[in-house]
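Please open the model in your viewer and keep the selection panel at hand. The stops below are given in the order in which they may be selected.

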Amino acid sequence: MQVEMPVIEVMGEANPLTEGILYHVLRSAASNNPNQIQTGTKQLHEWEKAKGYYPLLQSVFLDKSLPLEVRYLAIISLKNGIDKYWRKTATNAVDKEDKAIIRARLIESGVNEADHRLALQNALLTAKVVRFEFPNDWPDLFQQLLQVLRAATEPNAYRLHLPRALLILLQIIKELSTGRLAKTRQTLQTVTPDIFNLLGQIYVSKVQSWQRFFREGGDDEGGAIEDIDNSLLSLKLLRRLVVAGYEFPGRDTNVQQFWTLTRNHLGEFLPYVTHEDSPLAASVRKLVEKHLMQLSKFHLAMATQHPSGFVLLPNTLDLVRDYWGLIAKLGEGWGSKSLDGAQIGTDGDADEDAPILERLSLKGLLLIRACVRMVFYPAQSFKYRQPQEKEEQLQAKEMIKSSLLTDDLVREMISALVTRFFVYRPSDLRMWEEEPDEWEKMEEGSEDWEFAIRPCAEKLFLDLAKNFKNLIIEPLLQVFYSVATPENEDILFKDSVYTAIGLAADILLDKLDFDSFIINTLVVEAQKQKPGFNIIRRRIAIVLAQWISIKISKDKKPLVYQIFQHLLDKSDPLNDQVVRVTAGRKFKDVADEWEFMAENFLPYAPVTLDRLMALVQEVELPETKMALLNTISIIVVRLENNITPYADKIISLLPPLWEQSGDEHLMKQAILTLLARLTNAMLADSRGFHASFLPIIQSAIEPGSETQVYLLEDALDLWASILAQTPSAPEPTSPELLNLLPYLIPLYSMDNDTLRKSIEITESYLLLAPATVLADGFRPSLLSGLAELLGNLKPDANGMVTHLMQGIVRGADGFGGEEAMKVLVGDMISSGFLAKVLEGLHGAWTHHQSHGPYRELPSRAVDGVVETDYFTVLARIGLASPSVLLEALSSISGGELEKCLDWLLEEWFGHIENIGDGPNRKLMVLVLTRFLERGEPWILGRLQMLMGAWTDVLGELLDGMDDHSADFLYWPPEPTPHPTEPEAPEEIRKRELIYSDPIHRINLVSFVRERLGQAVQAGGGEQQFQEEWLSRVDKDVLKGFMDLGIM
């Protein structure tokens, strides 16, 4: 392997899998030649499933004579293979013998690897194997590791072994601590004490060693740095091990001792990195800072994941106070003292990392917030808790309440948060000036509050304000009244107080006259032309948005709209981009509040919309553009039909944005959402724009479209909106809109949400242009698509398919009567739709014939609501034309109609009592009653069943009615009311569809009377009908029917 060999190109599967050939293939794949990379990668992919491939990869990695890039590619390929093929259930899983070979070499190879990159990849690989193998197939894993660690701490041990063994163990603990299976956690907990004791010894000895070097000096500087590296690795391990490896860490004596040590070390390590005259090199200081951050992460993780254990550990409350001391120290120099003199480097912004005091203080704020939430928002759990655990939780909560969150400390914290940490720093003000769009986006990022001091301080303030109202309200209002006057020009402090007033809006709503504050202060301050008042203007927009839904009276809201209109005015020099973008963003909350009234906003709409649209074009960041578009979108929704005069301008804004967005699909989604909302708001007035929207829809719904995966959902919403707002005949429907119809069928085979929306769109087409949907060019493919879906969906989706089919049947009946019904039902037979319906119903009948606890539902059988849905399809056909239904049943049953009717009618009559809604029960009775028109023995012989159904359904439909001459679902023809508000054309079509439904058009009482009377006459008169058919009806059933008073 050490001989230099020429790089060869390998092709196909003809190459035998040997270590030598594998080396050359890896070398090809790791080269700079694109052809060799492609060829080598292809060959590696083909070998992935071959026996012996993965142990050979490991052998290449272990051969230290090979080039680094080849060994690196070997370990990466092996690691990727673990993800794909190590699981026993995986297709082409790694062979058991191969696994054993790999497993046996993992730890030794990692411990002896000199290159850190390769060692890290090997450690990650080992952790993945452990996730699958421990404890069942690798029970002695931790014994092996502990043995290696103990040997590595011996005086004469090879120096590399300890950091490498710690690195492997760290990755293993990381992997196991994320395991969700109880067995994984329990197994980790059994080995934790032994690992913890050894790691604790290593950590303490290494810290003592490098601290001694710091105090006394010496020759072995490299050894001291190694000790710092090793103590850092040990600390990373210990913090994860305590959090994940103990169910109740607070009860363990060793953990208690370590906890005390971490507090001591926090105090000892800090001076090394905070003293200005520290003699440590920058690289060493960074390592010490990393120790401090690990300690703070450990303290925070304990507070969030083991809250009661955290509180009950020794001196925890003193530890939290220590953190507050650090925060208070940071606060002394935090905010800007004035608007001048912001120099680079004055507050840590010149460095890539924030100063260590700031990073520790951030963890401290999170820690204090965790303590507040333990008391007032404890985590809920379904897990059974032992009495001891419950007692510990109560004790911990009481300790925090009484000993930590004292009145004095809460007041001190509130004061510091408002007066120090809400104040902008010089770096904030500088970035506001230099990168306004980036700064504004960063300030708006509410999800990142855990990573920055000010937003974290705001969250803590809010928690304290809500739960210590009696301590906070009066002092806060006193400070507020002292600054909330136009004469007060302490801008930075005023901004911080206004921040607090905005955050505490729902706490102060009964204590603060906010209307007066708007009139007397905000209106004046929003117009002040003095340097720095842009900061106050931005805050005004935020505070108004926070209070608008809390307590601003209806008559003051026009004033709020006026202020926002002013803040969006670019011609005012103090309305810089940050002010205007913030106003644009926050107006979304103003427009979206519950009591927003369009007529109050209409006088300000033209100017506000113009300025918002200009701002969209002005800003550069896509996220900011989308946020402003979202504000416009909300205004569109709230103004409804009043938006029509501004539609041209809004729509003209969008094509350039669409082009500029390139592959930024979120922007395109925002544009499609805005177009859909605009279409719905304008109702039929939007028709002039539809043609320009249709190509966008087509590009997203075409099979194989690149944008389909990103834009399909929003394109379907827009498509549905256009259909809903397209006027009905006699106005012609555009051919471009009708030409999109065939694209629906492929969408039926996609996910449930797409199917649901596609069926809704098909129903919209059916209402708008039934002739097109039922035309020969589309109807057969539609029915075939629906037939494929039937029986393969969940009940609710299945119901959508049958509901659409009911609409198709009604459309055909209304469009062409019985002749159209014959053609449609013929297609329903040829597509297999009707056969599937009957197969499901026959399965249900078969199931109901069997009895006993072990009876099984036949494979295609339907039940419950699905059976009702199937019967509704037959009922709609039969109600339109009984003869067409009977011919279809005869065709499907091979001419044995009566045999088919025997089981079908038995199941149909039996199922009526299981139908829960009145309209469907009435539908079933209507069609079964229509069968009497045939006057044939197969229906007359079931007169008892019919009478039972009439009695049952009519009894329900007449219940509670004084007039028994008509059922309550019958709606007599009335003059069509003229709508007082503009309506979507589809709403009119849907209303007409409901009013024309036979369920509401036919009075079941008179329908039964007439059909039964006709059957009596056709049967030879009352006497003969009585003797031949009525005599077969049970007397009680007959009496129940006669009591209805129909006959």
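This is a predicted model: local features need pLDDT of at least 70, side-chain atom pairs count only at pLDDT 80 or more; totals for chains, interfaces and linings use all residues.

**Charged surface patches**

Select next Glu-433, Glu-434, Glu-435 and Glu-438, which gather in a surface patch of negative charge. Among them, Glu-435 occupies the loop between helix 18 (426–434) and helix 19 (436–444). Glu-435 counts as partly exposed because its relative accessibility is 40%.

**Two cysteines**

Now display the sulfur atoms of Cys-371 and Cys-456. How many disulfides does the count come to? The count is zero. For Cys-371, the closest cysteine sulfur belongs to Cys-456 and lies 13 Å away, which is too far for a bond. Seen from Cys-456, the closest cysteine sulfur is that of Cys-371, again at 13 Å. The cut-off for a disulfide is a pair of cysteine sulfur atoms within 2.5 Å. Cys-371 is buried, with a relative accessible area of 1%, and Cys-456 is likewise buried, at 0%.

**A contact across the sequence**

Move to Val-243, in helix 10 (residues 221–245). Is this residue buried or exposed? Val-243 counts as buried because its relative accessibility is 13%.

**Cis peptide bonds**

Select Phe-134 and Pro-135 and inspect the peptide bond that joins them, which is cis with omega near 0 degrees. Pro-135 lies in the loop between helix 6 (116–133) and helix 7 (141–152).

Proceed to Ala-729 and Pro-730, where the peptide bond is also cis, with omega near 15 degrees. Pro-730 is found in the loop between helix 34 (708–724) and helix 35 (735–739).

**Positive phi angles**

Select Asn-315, in the loop between helix 13 (307–312) and helix 14 (316–332). Although Asn-315 is not a glycine, its phi is positive, at about 60 degrees. With a relative accessible area of 42%, Asn-315 is partly exposed.

Finally, select Glu-640, in the loop between helix 30 (622–639) and helix 31 (647–661). Glu-640, also not a glycine, has a positive phi of about 50 degrees. The relative accessible area of Glu-640 is 53%, and this residue is therefore classed as exposed.

How values were computed:
Residues are numbered from 1 along each chain as its sequence is written. Side-chain values use heavy atoms; hydrogens and water are left out. Patches are made of residues with over 30% relative accessible area and no salt bridge: like charges are joined within 9 Å, nonpolar side chains (Val, Leu, Ile, Met, Phe, Trp, Tyr) within 5 Å. Accessible areas come from the Shrake-Rupley method with a 1.4 Å probe; for residues, only the protein chains shown count as cover. A salt bridge is a side-chain nitrogen of Lys or Arg within 4 Å of a carboxyl oxygen of Asp or Glu. Lys and Arg count as positive and Asp and Glu as negative; His and the chain ends are not counted. The place of a charge is taken as NZ of Lys, CZ of Arg, CG of Asp or CD of Glu. Helices (H or I, at least four residues) and strands (E, at least two) are DSSP runs, numbered from the N terminus. Buried means under 20% relative accessible area, exposed over 50%, partly exposed in between (1.4 Å probe, protein chains only).
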